[in-house]
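Welcome! Please take a moment with the sequence and the model below, and then we will walk through some of its parts together.

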Amino acid sequence: MKHLIYLFVALLFCACSAEQTPKHEPQAIIFETDMGNDIDDAMALDILFKNMDAGNINLLAVSVHKNNPYSAEYIDIMRHWYGYPSLPIGVNSACVTDMDCVDYCTKVARLKNEQGEPMFKRTANPQYEEAVDMYRRLLSSQPDHSVVIVTVGFSTTMAQLLQSQPDKYSSLTGEELVAQKVKYFSIMAGEFVQEDFREYNVWNDLEASKYFFDNSPRPMVIVPWTLGDQIQYPGSSIANDFAWSDNPMVEGYKAYLEMPYDRPTWDVISAMYACHPDFECFTLSDKGEVKVVGEGVTEWRDDENGRYQILIPTEEQRKQILGYFIKTLTTKPKHMQ
Ligand SMILES: [Ca+2]
């Protein structure tokens, strides 16, 4: 009986769910994404919208640094579908682009329904703000050390933000503004298990990655490549759990690779952590520093005064994280319930 009680208490602590009653004010979050390069960005944005629904977070904006107009259009489709059509979207007209990826954003934007009309609602003639301007505008109006930036693509915009100069929104430089307003970065980047591994988000904009890791004035909680690979979202869930509606995330998943396939959840973990840092589904490494060397290898150095920590959940916690993903992604958005 005693064991059963312990089990119950353990389950209670680890019952991570987007619907859990918020313990505090909604966490302000900005989502920085290379939407379109891999499907985990779309799954991460789903997690953020579901936590908006639950009152856990206040998603201030989405900033996209993939230089393809369909990436912003896909995010626009998602904000309509999840019930947040006025959510600000920022775009970066000075970014690098991986053109070799399978572009599910374009495919989903072009989908038609049985009447031959676009399958998903979107904004007519949308106007998007430049990403760095949007960050400066939003950050300057937020309380000090209050905003979590979930950054799950290249570091292009983050480096540009740190290097930005005073403007009409703030008399502070970008680095000063981030130091004052950002709580921490929840970031998917790098690899610390496999030697000489050049991680995608790091090498695609190498100079920006080096600048960001060297100069960030605020802490980072890092999801490395191996962790994302250890938690695979099951393609069977995509195939079986979403019959209740056409869904842009699901259509993106189906368009990205040949179904059925399981997919690592790199960016999804960074999004979940920002929504639930207090939950006992996560273990953090000791503090340290990260150096980007060569052509995109990330080196870790233990340092008790370091700015960075790596997420290192146990095998049991990884199962709980996957359970959270399946439960949350398959939940209907609040406005459809
Ligand atoms: Ca990404």
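Does Asn 92 count as buried or exposed? At 5% relative accessibility, Asn 92 counts as buried; here buried means under 20% relative accessible area, exposed over 50%, and partly exposed in between, computed with a 1.4 Å probe on protein chains only. Before going further, a word on the model: it is predicted, so local features need pLDDT of at least 70 and side-chain atom pairs count only at pLDDT 80 or more, while totals for chains, interfaces and linings use all residues. Residues are numbered from 1 along each chain as its sequence is written, and side-chain values use heavy atoms, with hydrogens and water left out.

Back to Asn 92, which you will find in the loop between strand S3 (89-91) and helix H4 (104-109). Helices (H or I, at least four residues) and strands (E, at least two) are DSSP runs, numbered from the N terminus. The side chain of Asn 92 is joined to that of Gln 160 by a polar contact of 2.8 Å. A polar contact is a pair of N or O atoms within 3.5 Å; within protein, one must be able to donate a hydrogen and the other to accept it, and residues adjacent in sequence count only if both atoms are side-chain atoms. Setting aside residues up to four places away in sequence, Asn 92 also touches others, including His 65, Glu 130 and Thr 157, where contact means heavy atoms within 4.5 Å.

In strand S3 itself sits Ile 89, which counts as buried at 4% relative accessibility. Beyond the residues up to four places away in sequence, Ile 89 touches several residues, among them Val 62, Ile 75, Tyr 128 and Met 134. The C-alpha atoms of Ile 89 and Ile 75 are separated by 7.8 Å, with the two residues 14 apart along the chain.

Met 134 brings us to helix H5, where it is one of the buried residues. Seven of the ten residues of H5 (residues 131-140) are buried, so this helix is largely enclosed by the rest of the structure. How does H5 meet its partner, and at what angle do H5 and helix H7 pack? H5 and H7 (residues 174-181) pack at about 40 degrees, with their axes 10 Å apart. Axes are lines fitted to C-alpha atoms, for helices over the stretch in contact, and angles run from 0 to 180 degrees between N-to-C directions. Arg 136, Leu 139 and Ser 140 of H5 make the contact with Gly 174, Leu 177, Val 178 and Lys 181 of H7.

Helix H12 (residues 248-256) is mostly covered, with eight of its nine residues buried. Its N-terminal end is capped by Asn 247, which places a side-chain oxygen 2.8 Å from the backbone nitrogen of Met 249.

Finally, look for the calcium ion. Asp 34, Asp 41, Val 152 and Asp 267 coordinate the calcium ion at 2.3 to 2.6 Å, Val 152 through O and the Asp residues through OD. Donors are N, O and S atoms within 2.8 Å of the metal (3.2 Å for Na, K and Ca); water is not among the atoms, so sites may look incomplete. Val 152, in the loop between strand S5 (147-151) and helix H6 (156-162), and Asp 267, in helix H13 (residues 266-275), are 115 residues apart, and the pair links distant parts of the chain. Val 152 counts as buried at 0% relative accessibility, and Asp 267 is buried with a relative accessible area of 2%.
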